[in-house]
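Hi,

Here is the structure I said I would pass on. Have a look at it first, and then read my notes below.

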Amino acid sequence: MGISNVCFVFFISLISFYSHTHAATFQVRNNCPFTVWAAAVPGGGRQLNRNDVWTFNVSPGTTAARIWARTNCNFDGSGRGRCQTGDCGGLLQCQAYGTPPNTLAEYALNQFNNLDFFDISLVDGFNVPMEFSPTSGGCTRGIRCTADINGQCPNELRAPGGCNNPCTVFGGDQYCCTAPNSSCGPTFYSRFFKDRCPDAYSYPKDDATSTFTCPGGTNYRVVFCP
């Protein structure tokens, strides 16, 4: 083997080592007394019976990522089917975001000042209680949303298996914050969610009290029904 080939192999090995050591590891655990079908973009999906754990790595620099639980699913041997909540186009291995209502763990890795940004969002409604916590890097501030939102959900937001967000039910900028330079703010419905889960996003512009950071390279755990 010539010297150039040796260098090439070393360079490729170095890249592989760097990517592996700097990827974030996510552990997803189901503590619910029922089966959920965990979903992740990126990541795909996995059936999790009670106490099952799914672990996967996510590349540094990943943005707009989500993890959520799907409930009351039925898939065939090819991984096609349907879920009552959180369905992602009828696929076991999600390639796109889920359908509301679904409680979301959202994150972006290695962003401004090499920080990870993470949150729990109820902007797409709620289906199962959730905890989203760092597990390394000296970062200890986790987030939980464990209130009985499904049981207390306003009648107009009730949906099979969950509690919908007002944007899905009513539409419009007041609830969806989609207009250019929208000045939308809290509403009666967003306050319903915020009162029960103060650390979670309750409407799209609820950034100030709902976004958390850890140093890049931190690993994380998502627990359904903590």
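Strand S7 is largely enclosed by the rest of the structure, because five of its five residues are buried. Buried here means under 20% relative accessible area, with exposed being over 50% and partly exposed in between (1.4 Å probe, protein chains only). Strands are DSSP runs of E with at least two residues, helices are runs of H or I with at least four, and both are numbered from the N terminus.

Before I go on: this is a predicted model, where local features need pLDDT of at least 70 and side-chain atom pairs count only at pLDDT 80 or more, while totals for chains, interfaces and linings use all residues. Residues are numbered from 1 along each chain as its sequence is written, and side-chain values use heavy atoms, with hydrogens and water left out.

Back to S7. In a regular strand the side chains alternate between the two faces of the sheet. Leu 104, Glu 106 and Ala 108 point one way from S7, Ala 105 and Tyr 107 point the other way, and all are buried. S7 runs antiparallel to S8, with five bridges joining them; two strands count as paired if DSSP finds at least two bridges between them. Ala 105 has Ile 120 in S8 as its bridge partner. The hairpin of S7 and S8 has six residues between the strands, and Asn 110 there takes a positive phi near 55°. S7 is also joined to S5 by four bridges, again antiparallel, and Arg 66 stands opposite Glu 106.

Ala 39 stands opposite Trp 68 in S5. How many residues of S2 are buried? Six of the six, so S2 is largely enclosed by the rest of the structure. Val 36, Ala 38 and Ala 40 are on one side, Trp 37, Ala 39 and Val 41 on the other, and both faces are covered. S2 also pairs with S3 (residues 44-48), antiparallel and over five bridges, with Gln 47 as the bridge partner of Trp 37. S2 and S3 form a hairpin with two residues between them, and Gly 43 in the turn has a positive phi of about 140°.

Now for the empty spaces. Rolling a probe the size of a water molecule over the atoms shows where empty space is left. The search used a 1 Å grid over the protein atoms alone: a cavity is a set of points where a 1.4 Å probe fits but cannot get out, a pocket is an open set with protein on both sides within 12 Å along at least five of seven lines, and lining residues have an atom within 4 Å of a point. Points are joined across faces, edges and corners, and a volume is the space filled by probe spheres set on them.

The largest pocket holds about 150 Å³ of space. S7 and S8 (115-121) each supply at least two residues of its lining, which includes Arg 66, Leu 104, Glu 106 and Asp 119. By class, that lining has four nonpolar, one polar and five charged residues. For those classes, Ala, Val, Leu, Ile, Met, Phe, Trp, Tyr, Cys and Pro count as nonpolar, Asp, Glu, Lys and Arg as charged, and the others, Gly among them, as polar.

There is one cavity of 30 Å³ or more. The largest cavity has a volume of about 80 Å³. It has 13 lining residues, and the closest to its centre are Pro 166, Tyr 175, Ser 202, Tyr 203 and Pro 204. Its lining divides into seven nonpolar, six polar and no charged residues.

Asp 206 is in the loop between helix H5 (188-196) and strand S13 (212-215), and it counts as buried because its relative accessibility is 9%. Its side chain makes a polar contact with that of Ser 202 (2.8 Å). A polar contact is a pair of N or O atoms within 3.5 Å; within protein, one must be able to donate a hydrogen and the other to accept it, and residues adjacent in sequence count only if both atoms are side-chain atoms.

Glu 131 is in strand S9 (residues 130-134) and is buried, at 12% relative accessible area. The side chains of Glu 131 and Ser 133 are joined by a polar contact of 2.8 Å.

Cheers
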